[in-house]
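Please look over the model shown below before reading on. The briefing that follows takes its chains and local features topic by topic.

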Amino acid sequence: MALDDRKSQFTFVGTSPDRPDGLDKVTGRAKYGADAHAPGMLHGAVLRSPHAHARIVRIDASKAEAHKDVKAVVTRADFAKVPFKPGLEGEFWNVLENVMAGEKALYDGHAVAAVAATSALAARDALKLIEVEYEVLPHVTDVDKAMAPDAPIIREGAADYSVPEGMHPNVVRYHESSHGDVETGFAEADLVIEDSFTTEATHQGYIEPHACLGALGADGKGELWCTTQGHWTAQKTCAALLGIETSQLRVTASEIGGGFGGKTTVFIEPVALALSRKANRPVKIVMSRSEVFRATGPTASASMDIKIGMKKDGTITAAEGTFRLQGGAFPGAPGDMTAMCGFAPYNLSNVRQVGYDVMANRPKQAAYRAPGAPMGAFAVESVLDELCKKLGLDPVEMRLKNAAHEGTKASFGPTYERIGLVETLEAAKAHPHYSAPLKPGQGRGVSCGFWFNHGGETSVSLALSEDGSAQVMVGTPDIGGSRASMALMAAEVLGVPYENIRVTIADTASLGYNDVSHGSRVTYASGLATIKAARHVVERLCERAAAKWGIPVEAVKWENGCAVPSGPNAGDFDPVPLADITADMGATGGPISGHFEATPEGAGVSFGTHIVDAEVDPETGKTSITRYTVIQDAGKAIHPSYVEGQYQGGAAQGIGWALNEEYVYGEDGCLQNSIFLDYRIPVASDLPMIDTVIVEVPNPGHPFGVRGVGETGIVPPLAAIANAVSHAAGVRMRELPMSPPRILTALKGNG
Amino acid sequence: MDYHSPANFAEASALAAKATGITRFLAGGTDVLVQLRSDLVTPDTLIDIKKINGVRDITRNADGSWTLGVATTGAEMSEHSALGRDWPGVVEAMDLIGSTQVQGRATLTGNLCNGSPAADSVPAMVAAGVTVTVTGPDGDREVAVEDIPTGPGRTALAKGELISAVNIPARGENGGDAYLRFIPRTEMDIAVVGVGVNLRLDGDTIAEARVSLGAVAPTVLLVDDCAKAIIGTTLDDAALDALAAAASAACNPIDDKRGTIEFRTEVSGVLAKRAAKIAYARAKGEQA
Amino acid sequence: MSKFHVTTQVNGDEVEFLCDPRETLLDCLRDKLNLTGAKEGCGTGDCGACSVSVDGRLVCSCLMLGVEAEGKKIDTVEGIANGEELHPLQQKFIEYAALQCGICTPGILVAAKALLEKNPDPTEEETRYWLAGNLCRCTGYDKIIRAVMDTAAELREAS
């Protein structure tokens with residue numbers, strides 16, 4: 001018994017050693033997107049539309065082209081001449097249209113031309129020499145207005161098969177799912193609350209602007225260095241847009257200065273390559289902060305209607321939601337995700353949800369940490385809070401009563417396997433924060449949140465060196481310490497010290513395909529692949545030991561970094577450490593490597609529960625967050641410090657979204673707050689310490705039980721803070737962000 | 001862009017007088033560089049005044065008044081304890097501008113000449129009765145701070161003129177000043193509303209007062225009605241309410257990305273009360 | 001366009017470069033001196049990723065022109081470690097997992113070092129306000145603040 005227990009313990013997993021790339025990152029030597037340089041390099045700059053919606057009548061770049069410092073100018077015409085893959089369609093076409101406008105500029109900041117020149121200043125100056133004649137068209141930026149019958153049409157024919165007849169052409173995708181009968185459920189309720197909510201678009205706000213360095217020759221061979229969450233995606237997208245073969249473009253991911261979903265696609269990368277091909281020199285492009293805000297993916301804005309029925313004892317009898325999401329001038333707003341996630345934490349007999357993907361004259365939305373889920377949770381969990389208030393129920397008890405568990409049919413269809421929502425709620429109930437007294441003027445809010453998590457295509461390769469150290473090649477850029485978690489998992493399987501493992505983010509020429517670092521998938525999927533690649537290596541090591549001992553490989557097992565006979569019958573041999581096997585591996589069969597390629601499917605959904613205290617100044621409407629606790633199921637925390645970091649980061653971003661972050665558009669449809677001065681992300685003095693509780697309910701789909709942790713942490717904050725603010729101020733806030741003017745207006749309206 | 005770093009103000013003035021196109025003076029540069037970088041304003045001539053002797057001096061004059069060099073940074077003001085004891089409102093207003101890093105560069109003069117109605121140091125300077133020395137082709141003149149801005153981004157300085165010194169009056173007995181602003185975060189924002197209050201007591205009664213509002217009109221306002229509302233009172237509740245009403249009444253704000261007309265109007269009254277209480281406590285010699 | 005010849009001291013080394021008067025100190029550090037530790041996150045002085053010290057004063061190098069560096073002493077993240085020995089702040093940042101993506105880290109280290117030189121015993125509030133101009137989007141600041149406070153405590157004990 002005792003022995004078995006010990007065997008189930010981890011040696012390395014669950015510890016928090018120094019990250020392998022720590023020294024590089026505290027000394028300034030780590031190379032990020034903008035830190036690259038190439039011999040003969042030119043600097044690119046992008047000309048962007050000053051209009052929200054305009055027909056491009058004429059582009060005259062002759063003055064720029066004639067300038068002595070300018071070596072190339074590109075417009076959409078340069079992308080049309082694709083020799084290899086004509087007829088781009090689907091998302092590739094959307095991305096092309098986004099990286100360089102075609103017939104129309106679709107939003108303020110939409111790229112219309114680009115130059116490459118001998119210096120960054122010369123490139124910026126050259127943009128002023130390009131003349132563009134626009135015919136300004138009517139625009140729309142609000143989601144509800146974009147669905148109205150008289151709304152300007154962004155693009156005809158963009159809708160897919162899912163959209164019911166008779167909807168405005170700006171509605172491009174439609175989702176509907178349900179089970180049970182909501183009308184029956186509402187009839188059974190003691191109280192039904194129906195309410196409407198809106199959230200404004202927010203930006204991922206990574207501190208590193210997009211940057212890349214591209215080189216492409218007339219021979220169709222290219223090199224690209226860029227800051228990205230997924231360099232294989234960059235590779236195939238750029239290749240498609242430029243009409244070259246995917247394998248002829250080698251993409252190297254730089255260190256990445258934050259992404260949060262926003263660096264899962266390309267913007268300037270195909271432009272740099274197009275300029276490079278034309279100038280026949282490497283071209284570097286670095287976005288300004290203002291370009292990042294105006295032209296890269298913010299999240300969707302949302303307008304939502306929620307109706308929930310509840311019995312006096314807290315049982316939810318029915319829930320219904322309509323979620324309208326605006327995702328810019330292209331299909332992609334995650335209305336379906338919002339709809340599917342909104343009620344996902346609850347065990348419901350009667351539920352129905354509808355999601356809309358709506359286009360408007362804004363930049364193409366990109367994924368942002370659990371894309372779509374935070375907005376839905378804000379609306380749903382606000383109504384639940386109001387029901388608790390009216391029925392005199394404890395918000396945690398009510399949620400426990402309705403919480404989904406193993407075997408629950410999820411609101412979006414499937415049946416849950418082992419999940420940890422109940423455990424997070426129990427931890428919330430037991431946490432000292434939940435019972436701590438509040439000061440006058442403060443309010444406490446609670447919310448649950450759900451995210452699917454993702455597996456995705458994954459390749460990992462692991463090679464041993466003669467001295468017994470190991471190198472792991474993974475294809476998912478390290479955004480928040482994943483090299484450390486990969487090394488821990490490899491060390492666990494191989495039984496060698498963490499420090500003996502070097503983890504490298506391989507370029508696209510050195511490893512098989514990998515999906516982007518998104519969907520909270522890195523520790524799960526690359527971790528699973530690392531474990532399997534390491535197990536592959538262990539099999540090879542056991543084979544060598546078996547050959548040496550002259551016994552069958554089945555008679556050898558791997559223990560604490562050594563090959564040992566599997567039992568007394570296998571023979572009496574001293575354990576052989578890994579380094580002894582690798583020392584002469586050249587003579588015993590050659591190099592020892594392991595690899596793994598697959599699309600893991602068992603990502604394991606994730607739940608969290610947040611508790612927050614807020615204080616509202618009744619005279620100014622200003623909110624401060626006085627205490628915050630994140631409780632979330634990690635399945636198994638590989639590197640607990642970085643798991644805590646994900647929880648804290650998600651909460652902090654949620655606080656920004658809830659209180660002050662928003663895209664502000666003028667009457668002209670132009671973005672008014674495209675710098676960090678006016679796009680107000682939380683600063684250090686805005687936040688309290690953020691307490692965390694790591695709940696571990698192992699995911700059956702991962703060898704060590706890992707569930708992704710990156711995204712779920714941003715789902716509960718909007719609602720938890722809205723509930724806290726509503727309790728503190730005595731008014732229900734239905735619009736995000738809850739900026740001081742909005743709260744003060746609500747307070748005045750309340751008399 | 002031509003860059004000059006003249007050795008004295010006369011030379012700086014002469015350079016500006018003969019320059020064509022757009023001329024900017026470079027003190028801390030925290031506005032000039034942002035405008036340059038974003039292609040909002042690319043000066044044809046940039047005149048760096050930091051090489052002029054004495055531009056970073058903080059001098060207490062024999063009569064108790066203060067003269068500040070035009071390149072004195074916010075950080076240097078905050079570190080000067082005697083200045084902070086005399087004029088805590090002015091120093092704190094300056095200190096509210098931007099980050100620690102910005103404080104290492106930003107100046108009162110730059111904040112004033114940028115011409116923003118939301119400039120934090122300006123209402124505090126106006127309330128304090130600060131003047132500036134303007135050097136031009138025809139010599140020097142002294143101008144009250146409230147007379148420098150003429151509208152958003154515009155000043156009363158003529159071609160060839162620049163500010164060569166900041167003159168803060170003697171604090172004198174029984175006086176106190178304060179500046180408060182409203183921002184949505186705790187740091188790093190532009191004021192949505194700013195209020196500067198400077199007063200002098202005779203016993204418990206306010207004998208003199210100057211109240212100034214920022215970010216609620218095209219320029220920073222010196223509001224006589226606010227001063228009248230509290231002069232002759234002990235800052236009792238009625239006086240505070242009258243002050244708030246006068247502040248709100250003086251507002252002529254706009255709706256913009258930082259705040260609404262209603263919000264600015266309402267909050268200017270709230271902040272006027274809060275700032276007046278601090279200034280009053282300071283005048284009484286209480287810590288506030 | 002005429003360029004200016006600038007002689008300055010960076011991390012104790014005398015260096016020279018030619019710059020356009022429109023180029024910032026950050027441009028010059030990164031593009032002319034290959035010191036890419038300081039990052040451009042905003043170009044408007046709002047994020048602090050480009051923080052350096054000029055004559056002992058913490059500034060944003062994006063808000064200072066290269067030409068203004070003439071005759072100054074500039075210290076960047078590249079100069080914080082003493083040879084192979086990391087500065088205690090650098091050590092603590094690794095130990096506390098006070099960085100995730102790491103893009104804000106150079107600026108925060110430069111700023112935190114300036115804080116501890118001025119105030120060896122900062123409160124949590126003082127630390128948070130001092131670093132308010134250094135945006136971090138990954139961490140929620142919690143571990144950063146703890147790392148700085150703990151470094152301060154350790155340095156106080158050592159002295």
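**Briefing on the predicted model**

Helices (H or I, at least four residues) and strands (E, at least two) are DSSP runs, numbered from the N terminus.

This is a predicted model, in which local features need pLDDT of at least 70 and side-chain atom pairs count only at pLDDT 80 or more, while totals for chains, interfaces and linings use all residues. Residues are numbered from 1 along each chain as its sequence is written, and chains are lettered from A and ligands numbered from 1 in the order in which they are written.

**Helix α1 of chain B**

- In helix α1 of chain B, which covers residues 9–18, the buried residues are B:Phe9, B:Ala12, B:Ser13 and B:Ala16.
- Seen down the axis of α1(B), these buried residues fall within an arc of 100°, so they line one face of the helix; the arc is that of the directions from the helix axis to the C-beta atoms.
- An α-helix has 3.6 residues a turn, so residues three or four places apart point the same way.

**Chain B as a whole**

- Chain B has eleven helices and 14 strands, and buried residues make up 57% of its 288 residues.
- The radius of gyration of chain B is 19 Å, which agrees with the value near 19 Å that a compact globule of 288 residues would have; the radius is taken over C-alpha atoms, and the globule rule is 2.2 Å times the number of residues to the power 0.38.
- Taken along the principal axes, the C-alpha atoms of chain B fill a box of roughly 55 × 45 × 35 Å.
- Of the contacts in chain B with a separation of 6 or more, 64% are between residues 24 or more positions apart, where two residues are in contact if their C-beta atoms, placed from the backbone, lie within 7 Å.
- B:Asp204 is found in the loop between β12 (193–202) and β13 (205–214) of chain B, and B:Asp204 is exposed because 12 other C-beta atoms lie within 10 Å.
- The C-alpha atoms of B:Asp204 and B:Met1 are separated by 57 Å, and these two residues are 203 residues apart along the chain.

**Chain C**

- Chain C has five helices and five strands, which follow the pattern β-β-α-β-β-β-α-α-α-α when read along the sequence.
- With a radius of gyration of 16 Å, close to the 15 Å that the globule rule gives for 159 residues, chain C is as compact as a globular protein of that length.
- The C-alpha trace of chain C spans about 50 × 30 × 25 Å along its principal axes, and buried residues make up 65% of the 159 residues.
- Among contacts in chain C between residues at least 6 apart in sequence, 60% join residues at least 24 apart.
- C:Asp55, in the loop between β3 (51–54) and β4 (57–60) of chain C, has a positive phi near 50° in a residue other than glycine, and C:Asp55 counts as exposed because it has 12 C-beta neighbours inside 10 Å.

**Strand β1 of chain A**

- All seven of the seven residues in strand β1 (residues 42–48) of chain A are buried.
- Both faces of β1(A) are covered, with A:Leu42, A:Gly44, A:Val46 and A:Arg48 buried on one side and A:His43, A:Ala45 and A:Leu47 buried on the other.
- Three bridges join β1(A) to strand β12 (residues 283–286) of chain A, and the two run parallel, with A:Ile285 as the bridge partner of A:Gly44; two strands pair if DSSP finds at least two bridges between them.
- Six bridges join β1(A) to strand β5 (residues 111–117) of chain A in an antiparallel arrangement, in which A:Leu47 stands opposite A:Ala113.

**Backbone details in chain A**

- A cis peptide bond, with omega about -5°, joins A:Leu736 and A:Pro737, and A:Pro737 is found in the loop between β27 (735–736) and α22 of chain A.
- A:Arg369 has a positive phi of about 30° although it is not a glycine, and A:Arg369 lies in the loop between β15 (351–358) and α13 (373–391) of chain A.
- A:Arg369 counts as buried because it has 27 C-beta neighbours inside 10 Å.

How values were computed:
A residue is buried if 20 or more other C-beta atoms lie within 10 Å of its own, exposed if 12 or fewer, and partly exposed in between; C-beta atoms are placed from the backbone.
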